[in-house]
Amino acid sequence: MEVAEAVDRVLLGESLLQIRSAWRAEALDSMGMGPDEARPGTFLKEATRFAAKVCRVLGDRHAGDSRAATALADFVRRVDDYDAYDALLANFRSFDGRELIVRRGRTLYPGTLTEHWDEEPW
């Protein structure tokens, strides 16, 4: 799966967790392994890096699109990934639960990485 396809799938309603899982399944398949043959962590870092790229594109190219904001917000509620937090909080100033996500992100990441996440809506 390519990033552009993943972005399209997210905008059509697929979750970023599903995208990450699908990418991992493709990677396992390319190595001749099924999900039950692999360890839980096999290709997880790589799948998370792929999801981070998708998050960046959603933030950079789809800022203002509520579908992207919803997908990113759902993802950061489940995964502590800086790229996902940053794509969401640097590009979407108004969505349900933003204040809680900003606080959580600032707890997880140093101030120099989060100072551009202005808590006030634009």
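Here are some labels, each set against its cut-off.

Modeller: This is a predicted model, in which local features need pLDDT of at least 70, side-chain atom pairs count only at pLDDT 80 or more, and totals for chains, interfaces and linings use all residues. Residues are numbered from 1 along each chain as its sequence is written, and side-chain values use heavy atoms, with hydrogens and water left out.

Biologist: Why are α3 and α5 called roughly parallel?

Modeller: Helix α3 (residues 44–61) and helix α5 (residues 82–91) pack at about 5°, with axes 8 Å apart. Angles under 35 degrees count as roughly parallel, over 145 as roughly antiparallel, 65 to 115 as roughly perpendicular and the rest as oblique, so α3 and α5 are roughly parallel.

Biologist: What makes the pair of tryptophan 23 and phenylalanine 50 stacked?

Modeller: Rings pair if their centres lie within 6.5 Å; planes under 30 degrees apart are stacked, over 60 edge-to-face and the rest tilted. Here the centres are 5.7 Å apart and the planes at 20°, so the pair is stacked. Tryptophan 23 sits in helix α2 and phenylalanine 50 in helix α3, 27 residues apart.

Biologist: Why does tryptophan 23 count as buried, and phenylalanine 43 as partly exposed?

Modeller: Buried means under 20% relative accessible area, exposed over 50%, partly exposed in between (1.4 Å probe, protein chains only). Tryptophan 23 has 19%, so the residue is buried; phenylalanine 43 has 22% and is therefore partly exposed.

Biologist: What makes the pair of tyrosine 82 and tyrosine 109 edge-to-face?

Modeller: Their centres are 5.2 Å apart, with 75° between the planes.

Key: Axes fitted to C-alpha atoms, helices over the stretch in contact; angles between N-to-C directions. Helix = DSSP H or I, 4+ residues; strand = E, 2+ residues; numbered from the N terminus. Phe/Tyr/Trp six-rings, centres within 6.5 Å; stacked < 30°, edge-to-face > 60°.
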